[in-house]
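Welcome, and please get your viewer ready. We will go from one selection to the next, looking at what is there each time.

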Amino acid sequence: MRPAMATSLAAIGLIALAGTVAYGLHGELKPGAAAMVGIPGAVGAVLGTALQQRLGNRMLSFLFALLLAGLGVKLLI
């Protein structure tokens with residue numbers, strides 16, 4: 001599970017960078033809005049990485065399953 005998380009974070013970073021460059025080239029980049037999304041996202045990635053290093057594989061799997069179940073219930077309601 002840990003390599004999948006690392007790969008996912010790397011992919012998200014590259015996609016965000018590509019989107020930022022594309023919007024910037026078209027003159028549509030809004031630094032305030034980007035900061036409101038990007039800064040908490042970067043902090044969350046760092047804190048999430050630190051947390052997942054401290055938790056066992058079983059706990060990570062359980063928390064992920066709990067997240068998916070919660071999202072499923074929210075979508076049904």
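To begin, in which helix does Ala 35 lie? Select Ala 35 and you will find yourself in helix α2. Keep in mind as you look around that this is a predicted model.

Is Ala 35 buried, partly exposed or exposed? Its relative accessibility is 32%, so Ala 35 counts as partly exposed, the class between under 20% and over 50%.

Next, colour helix α1 (residues 2–25) and helix α2 (residues 31–54). Their axes come within 11 Å and cross at roughly 170°. Because angles over 145 degrees count as roughly antiparallel, that is how α1 runs relative to α2.

Which residues make this contact? On the α1 side, show Arg 2, Met 5 and Leu 9; on the α2 side, show Ala 45, Thr 49, Gln 52 and Gln 53. By type, the residues of this contact divide into 3 nonpolar, 3 polar and 1 charged.

For the last stop, stay in helix α2 and centre on Gln 52. With 8% relative accessibility, Gln 52 counts as buried, because the cut-off is under 20%. What does Gln 52 touch, leaving aside residues up to four places away in sequence? Display Arg 2, Met 5 and Leu 60 to see these partners.

Key:
Residues numbered from 1 in each chain as written. Predicted model: local features only at pLDDT ≥ 70, side-chain atom pairs only at ≥ 80, totals over all residues. Heavy atoms only, no water. Axes fitted to C-alpha atoms, helices over the stretch in contact; angles between N-to-C directions. Helix = DSSP H or I, 4+ residues; strand = E, 2+ residues; numbered from the N terminus. Parallel < 35°, antiparallel > 145°, perpendicular 65-115°, else oblique. Contact = heavy atoms within 4.5 Å. Nonpolar A, V, L, I, M, F, W, Y, C, P; charged D, E, K, R; others polar. Buried < 20%, exposed > 50% of the residue type's maximum accessible area, 1.4 Å probe, protein only.
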